Amino acid sequence: MAHCKTEQEDWLLAHLKYLLFIFNFFFWVGGAAVTAVGIWTLVEKSGYLSILASSTFAASAYILIFAGALVMTTGFLGFGAILREQKSCLSVYFCLLLAIFLVELVAGVLAHVYYQRLSEELKQHLNSTLTERYGQPRAAEITASVDRLQQDFRCCGSNSSADWQHSTYILSQEAQGRRVPDSCCKTVVAHCGQRAHPSNIYKVEGGCMAKLEQFLADHLLLMGAVGIGVACLQICGMVLTCCLHRRLQQHFY
């Protein structure tokens, strides 16, 4: 009976190791996905971040990158802990999983809070940015961001092209008779903004605000979905780690 019990314990121990090894592999892949989403959000779409009033969106992306890098590092530690069957390494592995879970929870809360107030922030800030800061000497980054926004999303103005009528830039001599910036034009050439006809400039319902709001909402949902997916994996991993740690204690003592 004692021999059969030992074989059963060895069987359970081996299966726990295999399950945790498989989990750790998917966990490492998930960490790479989290890092990739965060980096893509910041690098590929960083041109829009200067338009936003708060840094919450960027902070969520930075936290995801940090969490993803930590996940990948922890994954390597997990492989070593499983192969060596060291309880101390498993304890460290569990603590790191818990820490990463808490970091992702903070990122998720930030993303959710920002998602709730996204529309209100854009309404309050985007139009004033376009009308007061565009084309100003010390706002070159804002100007470039707005130009890129209008070209990428094929829109003009915060709510409509009429918003530019009250712009400090359009009312100044630097505009040289433009009624909208050249970036509003369907085909951008010098001084094309002097003709604000629908055949020449983008006339989009809801303007750039609706487009930017949808873009940011989609990215927040993507970041949230990836974070939740990896967090669910972590819960499974913590349970398996505890089971393996307990089984090793019973096996060796």
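**Exercise 1. Is Gln 150 buried or exposed, and what is its relative accessible area?**

Solution. The model is predicted: local features need pLDDT of at least 70 and side-chain atom pairs count only at pLDDT 80 or more, while totals for chains, interfaces and linings use all residues. Residues are numbered from 1 along each chain as its sequence is written, and side-chain values use heavy atoms, with hydrogens and water left out.

Step 1. Buried means under 20% relative accessible area, exposed over 50%, and partly exposed in between, with a 1.4 Å probe and protein chains only. Gln 150 has a relative accessible area of 0%, so Gln 150 is buried.

Step 2. Gln 150 belongs to helix 4, residues 140-153. Helices (H or I, at least four residues) are DSSP runs, numbered from the N terminus.

**Exercise 2. Find the polar contacts and other contacts of Gln 150.**

Solution. Step 1. A polar contact is a pair of N or O atoms within 3.5 Å; within protein, one must be able to donate a hydrogen and the other to accept it, and residues adjacent in sequence count only if both atoms are side-chain atoms.

Step 2. The Gln 150 side chain reaches the backbone nitrogen of Gly 157 at 3.0 Å. It also makes a polar contact with the side chain of Trp 164, at 3.1 Å.

Step 3. Contact means heavy atoms within 4.5 Å. Leaving aside neighbours within four places in sequence, the contacts of Gln 150 include Cys 155, Cys 156, Cys 184 and Cys 208.

**Exercise 3. Check the length of helix 4 and locate its buried residues.**

Solution. Step 1. The expected span of a helix is 1.5 Å times one less than its number of residues. For the 14 residues of helix 4 this should be 20 Å, and the end C-alpha atoms are 20 Å apart, which agrees.

Step 2. Ile 142, Thr 143, Ser 145, Val 146, Leu 149, Gln 150 and Phe 153 are the buried residues of helix 4. They cover an arc of only 165° around the axis, so they are on the same side of helix 4. The arc is that of the directions from the helix axis to the C-beta atoms.

Step 3. An α-helix has 3.6 residues a turn, so residues three or four places apart point the same way.

Step 4. Ala 140 and Glu 141 are exposed on the other side of helix 4. Just after helix 4, Arg 154 takes a positive phi of about 55°.

**Exercise 4. List the disulfides, with their handedness and pattern.**

Solution. Step 1. A disulfide is a pair of cysteine sulfur atoms within 2.5 Å. The structure holds 3 disulfides.

Step 2. Cys 155 is joined to Cys 208, S to S 2.0 Å. The torsion about this S-S bond is about 100°, so the disulfide is right-handed. Cys 155 lies in the loop between helix 4 and helix 5 and Cys 208 in helix 5, so the pair ties together parts that are 53 residues apart in sequence.

Step 3. The sulfur atoms of Cys 156 and Cys 184 are 2.1 Å apart in a disulfide. This link is right-handed, with 85° about the S-S bond. Cys 156 and Cys 184 are both buried.

Step 4. Cys 185 is joined to Cys 192, S to S 2.3 Å. The torsion is about 110°, so this disulfide is right-handed.

Step 5. With bonded cysteines counted along the chain, the pattern is 1-6, 2-3, 4-5.

Technical notes: Helix = DSSP H or I, 4+ residues; strand = E, 2+ residues; numbered from the N terminus.
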